[in-house]
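Subject: Structure handed over, with findings

Dear colleague,

Please find below the structure I am passing on to you. A summary of the findings follows it.

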Amino acid sequence: MKTIVSILLVITFFGSLSFARDKRGKYDIKEATSSASAKSILGKDVKLYWAKQKHPKIKTDMGTIKTNKKTNAFNKSDKEACQWVLLSALKQLQQRARSMGANAIVNIKSNYKNQIHESPEVFECGAGALIAGVALVGTAAKISDPVKKANK
């Protein structure tokens, strides 16, 4: 009987922690993606262009791609957890685009709880007591070579 009561108390405690908080926040994209660790995580072969951000001409639109990533937020600030999970989400988008033969993802938007947020400066993230999450949607594309345009 004591075992059952103990198990129920643990489930109740940890269950309430995971649902106790669901704070939606907006965080700076540039800050999250410009650190040394971010640069080592994100590939350079698939360029990232956020919503409303100018990009080279699209040669081939390869379709919409999505990701919904979660990370452990325990003992991390919301900002730290959200920046980490953003990198994970972007890495997954890049892997998907790369597998399709794309060299860019354009029009990237936050899609937290299926609510679109378009911004070239900030992304949306949900943070709870134990988990932080970022959902993104974008278009995989083959774009004109931005290096050639810059040299003209």
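The largest nonpolar core has 28 residues, and those with the most contacts inside it are Trp50, Leu86, Phe123, Cys125, Val134 and Leu136. Please bear in mind that the model is a predicted one. At least two residues of this core come from each of H2, helix H4 (78–100), strand E4 (104–110), strand E5 (122–127) and E6. Helix H4 gives the largest share, nine residues. In soluble globular proteins, nonpolar side chains tend to be buried together.

Leaving out residues up to four places away in sequence, Cys125 touches Lys23, Arg24, Gly25, Tyr27, Cys82, Val85, Ala132, Gly133 and Val134. A second, separate core of five residues includes Tyr49, Ala104, Ala141 and Ile143.

Next, the loop between E4 and E5, where Ser119 is placed. Ser119 has a relative accessibility of 8% and therefore counts as buried. A polar atom of the Ser119 side chain lies 3.0 Å from the backbone nitrogen of Glu121, and the backbone nitrogen of Val122 lies 3.1 Å from a polar atom of that side chain.

Lys142 belongs to strand E6 (residues 131–143). Because its relative accessibility is 37%, Lys142 counts as partly exposed. Beyond residues up to four places away in sequence, Lys142 touches Lys57, Ile58, Lys59, Thr60, Met62, Gly101, Ala102 and Asn103. Between Lys142 and Ile105, the C-alpha to C-alpha distance is 8.5 Å, with 37 residues separating them in sequence.

The largest pocket has a volume of about 380 Å³. Its lining is made up of 15 residues, of which Thr33, Lys39, Leu42, Gly43 and Leu48 are the closest to the pocket centre. Helix H2 (29–33) and strand E2 (47–50) each contribute at least two residues to the lining. By residue class, the lining divides into six nonpolar, five polar and four charged.

Yours sincerely,

A colleague

How values were computed:
Residues numbered from 1 in each chain as written. Predicted model: local features only at pLDDT ≥ 70, side-chain atom pairs only at ≥ 80, totals over all residues. Heavy atoms only, no water. 1 Å grid on protein atoms, 1.4 Å probe; cavity = no way out; pocket = protein on both sides within 12 Å on 5 of 7 lines; lining within 4 Å. Points joined across faces, edges and corners; volume = space filled by probe spheres on them. Helix = DSSP H or I, 4+ residues; strand = E, 2+ residues; numbered from the N terminus. Nonpolar A, V, L, I, M, F, W, Y, C, P; charged D, E, K, R; others polar. Buried < 20%, exposed > 50% of the residue type's maximum accessible area, 1.4 Å probe, protein only. Contact = heavy atoms within 4.5 Å. Core = buried A, V, L, I, M, F, W, Y, C linked by side-chain atoms within 4.5 Å. Polar contact = N/O pair within 3.5 Å; in protein donor to acceptor, adjacent residues only side chain to side chain.
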